[in-house]
Every structure is written in structure tokens, then in C-alpha cells.
Amino acid sequence: MAAWRLAQARKDVLLLEAKSFPRFKPCAGWVTPKALATLEIDPLTYPHLLIPISQVAIALDGDLLVTSWPQPVSYGVLRSELDDFLLKRARAAGADVRFGQRVDRVEWLGSRVSLQVGDEHWISEQVIGAGGSSCPVARAVEGRSLWKHRPMVAAIMSESPVGASRLLESSLGTGMPVLFPEPECDGYGWYFAKGDFLNLGVGALLAGGLAIPQRHKRFLQSLARDGTLPDSWTLSPFVGHSYAVWRGRRTHPAGPHYLLTGDAAGLAHDFSGEGIGPAALSGSLAAAALIHPDSVRGYQDYNRRIALIQGNGPLVRTGAWVEKWPLFVRRKLLARLCRHPWTRRRWILEGAFLHGLEP
Ligand SMILES: Cc1cc2nc3c(=O)[nH]c(=O)nc-3n(C[C@H](O)[C@H](O)[C@H](O)COP(=O)(O)OP(=O)(O)OC[C@H]3O[C@@H](n4cnc5c(N)ncnc54)[C@H](O)[C@@H]3O)c2cc1C
């Protein structure tokens, strides 16, 4: 997003990407209309898989609690396709996009920054760290304390090409994401059928609760036990990934000569774990900061706008307060909120997942 915007403004942009694209990225591929609008993607002209979502279900103690909207409130995409589309768009606008270029080392040389890729060094006045949760720029800025003070989410997921007809014949092919709150009230499992693909996984805050491999096993066993997931289906291997979520952190994601975006800055939303929208928005704002005629004002504006957007809103504050309550009370409260159609729609789905639904 940043490379695209900078190239559009006729800046010299070099984008170093470790992998070759299209690449697999562990993700459920749930994109809000707001994220799509930030990405400047029109759902009507996007050339890849885009499944409109106008129903979401929460599975609780064997019941499927369905909420519907008269219009799509989100979309399902394949990350491999979306990310490839974005890089191709940046390249078409004039960005120099290079694949297979893993940045091994980032060093500050006075007012410039050096990026080492194998034996090569790239020197620049500004760098945007958009390398996700293992971003080398974030490491260079924040050192070994990078993940120490951040609330981390760990997740494991699989995206399997089981075929649209098989999905439709099964109870998984409802066309809506189904969310399974974790009994520890610190995460959720999900399944989501998108075209030929079944995406399923589980994620939770990494704060000393049950480990992800055990949650994964428990989730799959529950799907198999009630016959939701047919025994005969072979799923693609499950892949684990962890990333930081924003929980009222007050660190500055930019300073002289660098700006951190997306997961490199830990910008994913609390509760839902949505990170595509924040990554897109921060990429766009990072480009605006570099286009700013006064570079110091540019990065200060960036820090201010990120703090305003993510902020320490009422939902985050209430969540942090409720987290101190005993687990059995939280479980009861969550069950009540999920079972009541109004609180499920307004607080859980539109509040924590769809951010008020504004486009
Ligand atoms: C299981 C799971 C499910 C999720 N589901 C959703 C969802 O449904 N909706 C949603 O909005 N968010 C979801 N998220 C969060 C979302 O995937 C991330 O927040 C988002 O991808 C962050 O984007 P990013 O561009 O910052 O980082 P990334 O998407 O991780 O991209 C970083 C890129 O940097 C490259 N890179 C890394 N290191 C280097 C290096 N040293 N040199 C060069 N290149 C490097 C990587 O190859 C990668 O291509 C999910 C996350 C997980 C783990």
C-alpha cells in the first residue's frame, strides 16, 4: 500500500520482499468494507475471489447463533491473491518490487539507513518497516525488547482446496464465517468456506493460557465429534503464526528515518485480531508522512494519527477491566452477550469485529 502510494507520488521506491509471490500467508482472509475502502479496492471490479459476507454465526454449546444483515458487512478473500494483486499494482505504478530479497540486517548510518540483503547493501534516507511480525526494521528499532511488552496473539490455521461442491454438500458450506469462542474467553476458533477453499483455525492471546497446539487439537476434535468436519477430508497442513495486537500501547511507530506499519508496529485490532485494515491504513499514512514536505512533521503526524486511530477506546478499556474478573464470571457474561441477539450484533460482531460498520 505504501509502495503504491509513494510510486503514485513519483517517489523512488524499492520494495524488498523475502518470498516470491504469490505466497501463502496464514490468515482467515476476512476483510471489512472499511479495509477494502482503505485499500481502494472496489468489490465489483476486484479480479479475484471475493465472497460477500452478510451472515456470521457464533457457535456456543452446540447452538449456532446466526446474525444477518441486509447487505454485505465483510468479504472473504484468499490472502495469496490479495497480496499478489497489491504488489502488482505497486509495481504497475512504478515501484521497484524485488522478490526473494530477505533483509538480514538494518543499520543506522547517521541520517541514513543501510539494509543488507546477502552481500548487497541498500542505502536510503527513509525506510518503511512492513515486514510483519518478524520485521527486521522493527527489530533494529526496538532491539531485543521487540515483543516483550506487547500482547501477542498466537494462531494456527489451514486453508484447504476441498472443492465448492463438497463444501456445499457438507454443513461447513453455509457461506458464513462461524466463530467458536474459546472456553478460556481469550480467543476463538473459526471455519469459513470460500469458494473451493475451507479456511479453519484457532487463535488466542499468548498470555499464559492453554498452548496453541492443545487448542488446535481440542477444536478439531470438537468439529469431528459433532460430525461438522468429515473424517474423510484431507486438510492442508496447519501453519502457526503469532503477531502483536494493539492494546492501548503508547509506543511510537515512527521516528527520524523509519516508519513501522501493520504487524511490524503491532497494529492489529484487539479481540478480533483483524490486521489487514490496520496494515493498509498505516501503509497509506506512512506514504503520506514521507510525501510531507517537512520530514520531522511527517513522522510526528504519523505517530499522532496512528495513536488516534488505534487509541485506547472504550471497548479496549472495558475488555481490560473484564479480563480481571474470574473465568467463570467472564464465561457466563460472554454466553449472555452471545445469546442475546442485540448484544451479539451490536457489541460482539459490529463492535469488536466490524468496528461500528462504518465504511
Ligand atoms: C491465522 C491468522 C488469521 C488471521 N486472520 C485475519 C483476518 O481474517 N482478517 C484480518 O484482517 N487479519 C487477519 N489476521 C492478521 C493479518 O494477517 C495481519 O495482521 C496482516 O497480514 C498484517 O499485514 P502486514 O503487511 O503488516 O504483514 P504481513 O502480511 O505478514 O507481510 C509482511 C511481509 O514481509 C515479508 N518479510 C518478512 N521479513 C522480511 C525480511 N526480513 N525481508 C524482506 N521481507 C520480509 C514477508 O514475507 C511478508 O510478505 C490473521 C492472522 C493470523 C496469524
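Two strands are taken to pair if DSSP finds at least two bridges between them, and helices (H or I, at least four residues) and strands (E, at least two) are DSSP runs, numbered from the N terminus. On this basis β2 is joined by 2 bridges to strand β6 (residues 74–76), and the two run antiparallel; W30 has G76 in β6 as its bridge partner. The structure is a predicted model, in which local features need pLDDT of at least 70 and side-chain atom pairs count only at pLDDT 80 or more, whereas totals for chains, interfaces and linings use all residues. Residues are numbered from 1 along each chain as its sequence is written.

The pairing of β2 with β6 belongs to an open sheet of 3 strands, in the order β2-β6-β3, with antiparallel pairing. Because β2 and β3 (51–53) stand at the edges, each with a single partner strand, one side of each is left without a neighbour in the sheet.

The protein is divided into domain 1 (2–29 + 78–149 + 245–312) and domain 2 (152–244 + 315–357), with bounds that come from an automatic or database domain assignment. The centres of the two domains, taken over C-alpha atoms, are separated by 28 Å. Between them, 18 residues of domain 1 are in contact with 21 residues of domain 2, contact requiring that the C-beta atoms of two residues, placed from the backbone, lie within 7 Å. The side of domain 1 that touches domain 2 has 7 nonpolar, 8 polar and 3 charged residues, where Ala, Val, Leu, Ile, Met, Phe, Trp, Tyr, Cys and Pro count as nonpolar, Asp, Glu, Lys and Arg as charged, and the others, Gly among them, as polar.

The ligand is surrounded by 34 residues, of which the closest are A28, G132, G262, G275 and I276; a residue is near a molecule if its C-beta atom, placed from the backbone, lies within 6 Å of it. Two or more residues of this shell are given by each of β12 (152–161), β15 (197–205), β16 (239–244) and α7 (276–291), and α7 gives the most, with 3 residues. By class, the shell has 17 nonpolar, 11 polar and 6 charged residues. Since domain 1 and domain 2 both give residues to the shell around the ligand, it lies between them.

A residue is buried if 20 or more other C-beta atoms lie within 10 Å of its own, exposed if 12 or fewer, and partly exposed in between. Beyond its neighbours within four places in sequence, A286 is in contact with A2, I128, L259, T261 and Y302.

Some backbone features lie in loops. Most residues other than glycine have a negative phi, and most peptide bonds are trans. E40, in the loop between α2 (33–38) and β3, has a positive phi of about 55° and is exposed, with 12 other C-beta atoms within 10 Å. F271 has a phi near 70° and is found in the loop between β18 (258–260) and α7.
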